[in-house]
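Dear colleague,

Please find below the structure I promised to pass on, followed by my notes on what turned up in it.

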Amino acid sequence: MKRTLYLLTVVLLVTVLLGVTLVANAQERTAVIGFTASTTGKYNVESTRQINGLNLWLNQVNEAGGITLSDGTVVTFETVFYDDESNTDRVQELYTRLATDDNADFLISPYSSGLTDASSIIAEQYGKVMITTGAASDSTYQKGYSLVFQTYTPASRYLTGALDLLASLDESATKIAIVHENDKFSTDVSTALNDYALALGYEVVLFEGYDSGTTDFAPFINKIQDAAPDAVLGGGHFQDGSTFARQLYEKGIDLKFVALLVAPPEPSFAELGDAAVGVVGPSQWEPLGLIDAMAAEAAGLEFFGPSGQEFIDAYMAAYEEEPSYHAAGGYVAGLLLQKAIIDADSLDTQAIKEALDNMDLLTFFGHMQFDTTPEAHGLQIGHSMMYIQWQGEGDMLEKAIVWPPEAVTGDALYPIRGE
Amino acid sequence: MDILTFLVDGLLIGFVYGIAAMGLTLIWGVMNVINLSHGPIIALGMFGIYFAATSLGVNPYVGVILVSFAGLLLGMLIYAIAIHRVINAPHLSTLLATFAVNMIIIGLGTTAFTTSAYNVDFSLGNISVGPVNTPTTRVIAALASVLVTGALYFFLYRTTLGKYVRAVTDNRAAAELMGIPSARILALSFGLGTMLAAIAGGLIATFFPFTILSGGAYELKSFVVGVMGGVGNPLGALIGGLILGTFEGVIPAFMPTSWVPVLEFILFVVILLVRPTGLLGAKK
Amino acid sequence: MSLKNLKNPGLWLTLVVVFILGVIPIINNKASAREETLTVLLSVILVSSLNILLGYTGYISFGHIVFYGMGGYVGLFLISVYGWSLWTAMAAGGLASGLLAFLLGSAILRLRGSYFALATIGINEAMRAFISNFEPFGGPTGISLNFQVYNQYGGAAQALWTIYYVVLALALGNILLSYLVKTSKFGLGLQAIREDEEAAEVMGVVTPSSKTWAYVLSAVLPGMVGVLFFFKNGNIEPGPAFRLHLSIELLVMVMLGGYGTIAGPVLGAFGYQRLRGLLLTSDLFKNIQLTVAGVLLLVIILFIPSGAVGWIRHRFPVTRRYLP
């Protein structure tokens with residue numbers, strides 16, 4: 001009896017000791033995610049939403065206890081960020097600081113293609129994996145980088161779907177006008193659109209750029225009136241795009257189709273009232289276009305992360321507003337990191353790069369897959385745009401997804417004016 | 001091609017440029033201060049209208065009147081805090097002081113309103129004459145510009161206070177000897193300048209969306225307008241604005257619009273070189 | 001100028017201070033410190049070159065950044081299209097800016113006071129708009145460099161250090177240059193123009209050519225560092241290259257430090273950039289950094305209008321010898 005007790009005690013002690021050692025072995029590791037945010041300056045709104053999305057992901061992962069690797073390490077996350085003032089002057093200085101002083105394990109891009117271009121060099125130099133979001137220009141990924149990965153559909157495929165939509169609506173529409181903001185992103189989009197239009201046999205009757213701060217579009221609208229196109233495509237960012245849409249409406253130009261960049265998917269675009277009706281906009285992600293595990297099964301892809309509805313609910317609970325695609329982009333940037341860490345089962349840069357290279361999955365944001373050729377490494381090739389249109393009248397406007405066909409939630413309004 | 005539509009649109013925006021520039025050239029003329037806080041104050045005028053309309057629920061044009069008084073007070077406050085101490089200091093001090101005010105307004109504005117676009121939800125329909133079709137708000141803004149120019153003229157040339165302002169403009173030291181309280185007149189003039197900026201912002205906000213950064217473009221154009229029309233001359237500013245507006249409206253009919261700023265600023269430099277006193281000639 | 005001029009202790013003090021500041025990141029081998037110091041050194045070069053025109057000659061330019069952007073564009077164009085090396089491209093960038101300054105200066109330096117200042121605003125805007133339309137320079141999308149380009153400088157990480165050494169050398173050279181100009185007969189002529197242009201003419205200063213050469217001198221170094229900065233940046237676009245706001249910030253730095261002095265621009269650039277850097281990265285201030293910077297600037301202008309160096313020289317006359 002005594003012997004048994006003795007044995008039991010020993011066994012118990014050993015177990016406890018083992019347990020304690022195991023627990024001690026299960027290290028905690030806090031991975032640092034660094035980025036700059038446009039707390040001030042012209043990108044303030046988009047950037048803030050992007051960061052909101054990222055923070056939501058971070059809080060969720062941490063609250064769920066982080067990621068446990070096979071060696072027992074528990075990875076949790078924290079962020080370090082600085083204000084880039086929406087301009088490139090200090091982006092490299094701040095990213096260098098993030099990569100060295102702050103020992104960031106991973107980087108997230110700033111908002112906008114221009115700032116991302118500047119920051120991606122630093123990521124590459126210091127060997128940090130960087131997930132870009134809110135940065136669509138193709139050229140960033142054609143410079144020979146190996147650690148920069150894009151979540152957005154690139155500029156070259158940004159607005160081309162709108163032409164496919166137009167073609168499906170009306171074969172007799174042949175003349176289009178392209179009026180775009182004179183910045184890197186919008187010019188890249190519009191140049192690609194122009195090439196695509198010519199290839200489809202459209203006649204581009206007007207192809208013009210406007211200065212970034214433009215508020216008076218009368219000269220452009222007068223030229224549009226003269227050229228009498230069936231459709232106007234182009235735009236740039238939120239403010240100029242919404243101003244352009246409003247003035248097109250006020251001037252009473254008879255257009256069958258209008259598609260503008262960036263501005264239309266924003267919920268506040270509806271404040272334009274009747275001027276917003278019929279305007280089509282490309283969106284990286286829409287609350288309406290719910291993607292979940294069922295869709296993944298249908299597509300034969302692995303699904304990862306929350307469903308669209310779960311993301312929306314969590315975001316609304318956290319920030320009391322409906323998420324825009326910038327917010328979704330911020331969230332998915334974190335999600336991709338999470339998945340890559342799980343796949344790589346490590347925090348090692350090279351392993352994570354390989355995990356991202358091999359990634360081919362569906363998230364609530366859409367299909368995610370990266371180009372792995374040296375010519376365009378990291379370019380997003382899985383994801384594609386959705387096109388929304390504002391429908392209804394007065395204060396009762398609603399968005400409908402009108403393209404691509406597999407995501408449609410309502411018939412496109414066409415022609416939008418005149419006739 | 002109907003050149004008339006280009007011309008009318010250009011003229012209508014020209015009135016707005018004119019009134020936006022008037023405050024800048026007034027301050028410049030009276031006290032030889034180039035006011036780099038002009039743009040942010042225009043933006044504050046825009047926000048003033050927005051909040052008058054959304055919070056107080058008043059008609060935007062009533063809002064303009066409220067905003068103009070607020071602008072007057074704000075201007076006198078800015079003068080007292082930031083300008084008066086350095087008004088006689090050499091070289092750039094006043095320029096830098098107004099730049100500091102610019103940073104403060106934009107900094108506070110960004111914290112308060114973010115840099116997202118605001119939109120005064122207001123429309124009075126359109127006016128159509130022949131091929132020309134334009135929002136009524138733009139026509140009202142043009143009329144208001146004329147009215148404000150007239151009022152400013154009346155003030156400067158028909159009131160004692162206005163006479164004082166002109167006296168201080170011509171020769172501050174002599175005016176002081178005559179017993180004119182020049183410090184108060186300078187404060188008033190600065191207040192009038194910001195009042196005009198705020199009015200301009202308010203009128204612009206009735207038809208363009210805006211952000212806290214929107215004033216910058218008008219500030220830049222105000223320099224061009226001021227030089228065209230001659231510094232310190234209200235009617236000159238209005239005419240300068242009309243010239244600039246016409247230029248911007250009509251040039252695109254003949255070439256890509258993106259060349260407009262190139263020509264615009266080259267013309268600006270050329271005018272400076274050839275007629276630095278402005279196309280209309282100024283008293284300085 | 002004579003060798004005697006070079007014995008001024010204040011000059012050497014300034015040079016030694018900048019040198020020590022520049023060497024600290026090299027000794028520590030710390031990249032983030034290097035980036036911070038690089039931002040400051042770039043400003044030192046831009047500000048003290050601006051000072052040649054503004055401080056000595058009294059002409060206020062809002063278009064100084066034009067030379068920086070112009071140099072950057074010419075340099076990146078030559079590197080990306082013709083495969084020039086960074087160093088020849090840098091020389092070409094400086095030359096192009098100098099030439100531009102010569103042409104512009106011949107035309108606009110006739111203008112006085114605010115009219116000259118306004119003309120430089122016009123030139124900045126016209127230039128930016130022109131480059132946006134100029135297809136060889138990429139129009140609105142600008143010029144991008146391939147990451148491979150850094151390989152011939154020992155890889156990107158090494159290239160950044162090399163660029164840093166060159167910028168440090170240029171900053172020191174620029175301080176020396178602005179001192180030599182200040183103490184030369186040419187510089188004295190410029191200062192005579194600042195005090196009274198008509199009188200200077202009567203005294204025998206050939207004002208148009210003096211002013212033009214001062215303008216050219218002030219343009220060359222910004223052109224060269226423009227190439228270095230945008231090479232390091234990896235791309236150049238019209239907006240960031242010709243940012244009027246940056247020109248205004250340079251004026252602020254000159255005024256903070258004290259115009260017309262040698263140490264002033266250095267101090268102004270250092271103070272302003274470090275302050276902004278600190279505010280940007282401080283937890284307390286990063287959300288209101290613009291406002292705080294504005295308030296501080298206003299306080300300095302109102303209470304120390306002649307700039308830090310001017311104030312010290314005024315309050316402590318004994319320091320004049322050490323603060324050129």
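In H7(A), the buried residues (those with 20 or more other C-beta atoms within 10 Å of their own, C-beta atoms being placed from the backbone) are Ala218(A), Pro219(A), Phe220(A), Ile221(A), Asn222(A), Lys223(A), Ile224(A) and Gln225(A). The helix, residues 218-227, is thus mostly covered, with 8 of its 10 residues buried. Those residues pack against E7, E8, E9 and H8 of chain A together with H1 and H10 of chain B, and just after H7(A) the residue Ala228(A) takes a positive phi of about 45°. Helices (H or I, at least four residues) and strands (E, at least two) are DSSP runs, numbered from the N terminus.

Please keep in mind that this is a predicted model, in which local features need pLDDT of at least 70 and side-chain atom pairs count only at pLDDT 80 or more, while totals for chains, interfaces and linings use all residues. Residues are numbered from 1 along each chain as its sequence is written, and chains are lettered from A and ligands numbered from 1 in the order in which they are written.

As for the interfaces, 34 residues of chain C are in contact (C-beta atoms, placed from the backbone, within 7 Å) with 33 residues of chain B. On the side of chain C that touches chain B, the largest share, 13 residues, comes from H5(C), and the residues of that side divide into 25 nonpolar, 7 polar and 2 charged. Ala, Val, Leu, Ile, Met, Phe, Trp, Tyr, Cys and Pro count here as nonpolar, Asp, Glu, Lys and Arg as charged, and the others, Gly among them, as polar.

With best regards

Note on methods
Contact = placed C-beta atoms within 7 Å. Buried ≥ 20, exposed ≤ 12 C-beta atoms within 10 Å, placed from the backbone.
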